[in-house]
Amino acid sequence: SIPGVAWAEFDPGDPGTVRVLLAPGVEPGEVIRSVEREAPSLSVSLEGPGGRVEEPRAQLVDLRVNLDGEVSAEVSIHWQGRELRGKGLGRPSPAGRAYACAEAVVDAMKPLVETDLEIEGLYRTADAREGTEVLVVSLRVGRDRFVGAVIAPEGSEAESGARAVLDALNRRLPRIAGRSGQI
């Protein structure tokens, strides 16, 4: 009964998934939002006439970090044919660089999200045995909380901050972007 859905089936895995076959010529993001409104606890998998439909993703295009005094970052994000730009500030430390870049991505995404979007925390974890570090970000989008995590090789703290925010938002961006992701 959802417009744009030609067929659907439920897979009771953990979490449950709704597999959806899209009708020709429909906007995938709108169908995802409609299905998630009807079944908010389920994952949605889209298929079109030619196979699996990839959900739109925001992509990091450019990242510039200025280390003079207080750290500043500028990013450029590509989203559905548009360029989004954002700026962030941090302290002169590896954690400060990561925060500045995470904040810049959040700033760039604000035109897409019609509610408050803020960083709650940025955390770095380490596995001493393997020397692997993971950067974890917690975001608040309106009343919802999202978490993203990326492997953070030494020396890539800035880029890791930006990618952690994208990891937190990208899978959900078609659902949380207002006006079907149009600016």
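Helix 1 (residues 28-38) is mostly covered, with eight of its eleven residues buried, where buried means under 20% relative accessible area for a 1.4 Å probe and protein chains only. The model is predicted, so that local features need pLDDT of at least 70 and side-chain atom pairs count only at pLDDT 80 or more, while totals for chains, interfaces and linings use all residues. Residues are numbered from 1 along each chain as its sequence is written, and side-chain values use heavy atoms, with hydrogens and water left out.

**Exercise 1.** State which residues of helix 1 are buried, and what they pack against.

*Solution.* Begin with the list: Pro28, Gly29, Val31, Ile32, Arg33, Ser34, Val35 and Glu36 are the buried residues. Next, take their partners, which are strand 1 (5-11), strand 2 (17-22), strand 3 (43-48) and helix 4 (173-176), contact being heavy atoms within 4.5 Å. Helices (H or I, at least four residues) and strands (E, at least two) are DSSP runs, numbered from the N terminus.

**Exercise 2.** Describe the open sheet of three strands, from its order to its twist.

*Solution.* The order is 5-6-7 with antiparallel pairing, and two strands pair if DSSP finds at least two bridges between them. Strand 5 (59-66) and strand 7 (82-90) are the edge strands, each pairing on one side only. From one strand to the next, the twist averages 15°. Finally, strand 6 (residues 71-79) is joined to strand 7 by nine bridges, and Ser76 stands opposite Arg85 in strand 7.

How values were computed. Axes are lines fitted to C-alpha atoms, for helices over the stretch in contact, and angles run from 0 to 180 degrees between N-to-C directions. Buried means under 20% relative accessible area, exposed over 50%, partly exposed in between (1.4 Å probe, protein chains only).
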